[in-house]
Amino acid sequence: MGASLPPKEANLFKLIVKSYETKQYKKGVKAADSILKKFPEHGETLSMKGLIYNCMDRKTEAYELVRHGLKNDVKSHVCWHVYGLLYRSDREYSDAIKSYRNALKIDPENIEILRDLSLLQAQMRDLSGFVETRQQLLTLKPNHRMNWIGFAVAHHLNSDPRKAAEILEAYEGTLEEDYPPYNERYEHSEMLLYKVSLLEECGSPERALEELNKKATRIVDKLAFKEQLASLFLKLGRFNEAEATYRSLLAANSENYRYHEALQKCLGLSLEGGKHSPEHVNKLTSLYKSLQEEYLSSAAAKRIPLDFLENEEFRKAADNYVRPFLTKGVPSLFSDLRPLYDHPGKADILGGLILEIEASLQNNGSFSGRSQKEPPSTLLWTLFLLAQHYDIRGQHDLALAKIDEAIVHTPTVIDLYLVKGKILKHAGDLVAAAALVDEARSMDLADRFLNSECVKRMLQADQVDLAEKTAVLFTKDGDQHNNLYDMQCMWYELASGDSYFRQGSLGRALKKYLAVEKHYADMTEDQFDFHSYCLRKMTLRAYVQMLKFQDRLHSFPFFHRAAVGAIRCYLKLHDAPPKVTVDEEGGFVGLSPSERKRIRQKQRKAEARAKKEAEEKAKEEEAANIAATKSGKRGSQHSKVIDLDPDGQKLLQVEDPLAEATKYLQLLQKHSASRLETHLLSFELNIRKQKMLLALQAVKRQLRLDPDDPEVHRCLIRFLHKVDSLPPAQTSTEKLVQNVIEIERPSLGVPHDKSLLEVNESFLENHRDSLVHRAAAAEMLFLLSPERKEEAIKLIEDSVNNIGPRDCAFGRIMAWKLKSCVSVHKLLETTFHDTSAASRWGLLCAEMFPFSTYFKGVKSSAVPGSVNYQACSKEDNSDLGKNQNKIIEAFTHSVNGDIPDLKDLKISAPVESHQTC
């Protein structure tokens with residue numbers, strides 16, 4: 001570096017490099033300027049100056065200097081290396097790798113460039129290149145531990161764990177007998193455990209067990225040692241030794257469900273599929289009876305039997321399980337019991353049990369069979385649990401009655417209001433739910449969780465402005481948007497995006513969805529620093545797990561929701577492009593073309609002026625912070641970022657919305673291929689792009705995942721109807737496409753001799769008792785035969801709401817869900833365009849869902865004079881920016897237990913009305 005310079009300037013060049021490494025940027029720039037005064041075209045100095053400018057956020061000048069330097073000295077490995085570093089800082093990894101490779105052509109044994117290249121190859125998952133580069137590093141520096149470990153990890157990531165284990169074995173052969181020294185015991189221990197895991201992964205559990213026992217004294221992490229030992233015993237079929245090891249692990253942590261599951265496998269009692277046999281149930285009962293006696297305080301030993309016990313045994317076990325939690329007052333008890341509601345019959349048993357406990361506490365003040373009196377709070381938590389039970393069963397009247405009874409019992413327990421808000425949300429009154437949770441928030445203004453719950457409910461009720469003003473209470477300096485974005489608060493962004501989408505504000509919705517996508521890009525970027533850190537610190541098992549986690553990062557629910565939301569926005573944008581309203585908004589009506597042009601020029605100048613002012617303001621703030629730092633004063637840690645497009649209008653100005661949607665669809669197809677929603681969106685997208693074979697592929701994947709889903713039936717009929725209505729094929733490509741579809745038609749369940757009407761009728765016959773399936777069949781009947789509109793509507797109106805048995809304990813359980821009924825109402829309005837049928841359906845649903853604001857049920861906050869109406873604002877909270885002062889005033893409550901407004905939210909229907917059969 002700097003070899004072509006005289007000694008004095010060569011020393012200055014070394015100072016530039018040192019200043020860059022120690023982040024003394026001004027000193028480095030000064031040294032570079034000193035060289036450039038004498039040698040203004042020195043390429044390496046120009047490149048280093050550009051690299052320092054890049055660290056000072058002067059990117060434009062940085063790229064100009066580096067390119068100028070590279071142009072002046074294209075055969076310098078330093079210039080190419082710096083160019084690669086510049087690209088890497090901007091996440092242009094492919095270009096950075098190209099630059100590094102060019103540098104290596106000039107200096108193939110440069111350790112720093114090889115190391116930087118290996119990090120990028122690991123980041124980009126260029127695994128074969130990663131192996132090659134790590135091998136070069138090991139060849140050049142075989143006495144460096146990190147090179148051995150890096151070479152082994154490269155082979156492991158490249159799906160060759162056996163070779164990785166051999167490399168670690170060779171590395172161990174280079175060590176002395178007394179290795180490791182005391183201060184490196186943990187790092188060496190991690191390497192040994194990693195080697196054992198490699199042997200296990202490559203199908204050699206015997207060798208892995210032998211190695212583990214051989215190096216037992218050198219392994220520091222004894223818990224990991226025991227877990228690995230037990231896993232190997234289980235893999236080798238040495239069940240007695242595995243059982244003994246897992247029992248010793250349970251003695252250390254009896255709440256670990258993985259240990260319980262492994263112990264069941266050791267005893268041959270694990271559930272591989274279906275139900276346990278009676279013999280297995282007896283053995284498991286005996287096992288957990290002994291574990292409960294051994295670990296008296298273990299909740300897991302009492303909870304796990306509830307999964308396999310049935311009937312009376314289940315009832316007794318559940319009774320023994322819930323009683324201590326009700327006495328202690330554990331609000332999360334229902335969340336613990338929630339999975340049991342998916343087991344046939346267990347929900348009814350739990351309901352009867354909770355009712356029996358409530359009756360005993362009401363009458364005697366104690367549990368049945370006990371003389372010891374319970375504290376009054378036990379009844380409170382029993383009512384709390386019972387309300388949640390009724391809520392999940394869809395019996396919202398009973399749920400609200402019980403939660404109101406609990407509130408009257410102890411009106412200062414905040415959890416009661418949260419659950420009541422959740423019940424009202426499920427019942428269909430989102431505005432009242434938001435009001436109630438806001439009341440809970442006002443009882444403890446220092447609780448961030450309550451604030452978040454309140455914001456979530458407000459966004460569900462489309463009260464976006466009010467939600468933002470509530471969220472800002474827990475953000476730094478009141479800067480809500482930037483602060484929540486910096487904290488990667490994705491639940492807020494998704495809920496806000498969903499609300500904007502419902503209100504038709506596609507620009508704002510897209511802005512929120514794409515912010516979530518940006519967070520995931522940042523998470524992917526965040527792994528970069530760990531490629532060198534983990535090899536240096538020897539946290540190899542955690543490192544490999546982290547890389548596997550990163551590889552499936554985009555399959556997680558938040559990204560899936562954001563991608564789905566963005567695709568739906570682009571589809572809606574394609575179906576209904578924003579109208580050109582510039583003339584109307586700018587007052588152009590009646591103006592001549594020259595006058596319109598002049599006004600547009602003024603608007604563009606005003607926009608440019610506003611942008612320039614924002615940039616100048618940001619620079620002033622940055623200069624003020626630097627000055628404050630120099631003078632020893634604390635400046636603001638982060639300059640406030642000004643959003644020049646708060647409404648997301650620029651995001652709507654895309655030439656091809658379907659092309660933008662395709663980018664996110666490809667990510668979903670890669671990472672969420674097992675989700676039906678992915679292929680439903682694929683069909684919607686490709687049918688609009690006239691990509692018939694891709695649409696066919698989407699339908700086939702839908703049928704493979706869930707052939708009985710009503711949306712899949714819609715896609716199938718729409719696709720074949722579209723194909724049948726296409727004009728005769730003209731080109732060879734069109735003929736080929738139609739031939740492929742005809743060949744594949746029987747695989748879709750539609751033989752050539754069967755019409756689409758017959759397919760639709762067959763679907764209806766198979767799902768005649770389901771409202772959503774009848775609605776899908778009716779919609780497709782109307783699509784295929786528009787003249788049979790009345791018959792299609794009658795199909796929907798003749799649907800029967802199968803009501804479960806009504807008895808004194810459980811009341812009525814309806815099959816129809818509110819969400820399905822809302823979808824049917826919108827179908828009648830928008831697809832059938834029959835206001836009369838929609839009105840009749842609305843009246844029917846208003847009776848079935850009295851708390852629904854959509855159907856204006858008699859008990860909802862949408863009906864003046866109803867119970868919930870009195871506690872909610874009379875203004876339309878969904879209108880953004882309107883009447884916010886009134887809304888805030890309506891939602892402002894007193895603090896810390898003074899809760900007069902909640903008296904109005906009590907359900908007026910007496911409890912006795914539900915007890916008569």
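1. In this note, buried means under 20% relative accessible area, exposed means over 50%, and partly exposed lies in between (1.4 Å probe, protein chains only). The model is predicted: local features need pLDDT of at least 70, side-chain atom pairs count only at pLDDT 80 or more, and totals for chains, interfaces and linings use all residues. Residues are numbered from 1 along each chain as its sequence is written, and side-chain values use heavy atoms, with hydrogens and water left out.

2. In helix 10, the buried residues are Pro161, Ala164, Ala165, Ile167, Leu168, Tyr171 and Glu172. Viewed down the axis of helix 10, they fall within an arc of 160° (taken from the directions from the helix axis to the C-beta atoms), so they line one face of the helix. These buried residues pack against helix 9 (145–157), helix 11 (185–201) and helix 12 (205–214), where contact means heavy atoms within 4.5 Å.

3. The axes of helix 31 (residues 530–537) and helix 32 (residues 540–551) come within 8 Å and cross at roughly 155°. Helix 31 and helix 32 are therefore roughly antiparallel to each other, a term for angles over 145 degrees on a scale from 0 to 180 degrees between N-to-C directions. Phe530, His531, Cys534 and Leu535 of helix 31 meet Leu540, Tyr543, Met546 and Leu547 of helix 32.

4. Lys819 belongs to helix 45 (residues 818–830). Its relative accessibility is 71%, so Lys819 counts as exposed.

Key:
Helices (H or I, at least four residues) and strands (E, at least two) are DSSP runs, numbered from the N terminus. Angles under 35 degrees count as roughly parallel, over 145 as roughly antiparallel, 65 to 115 as roughly perpendicular and the rest as oblique.
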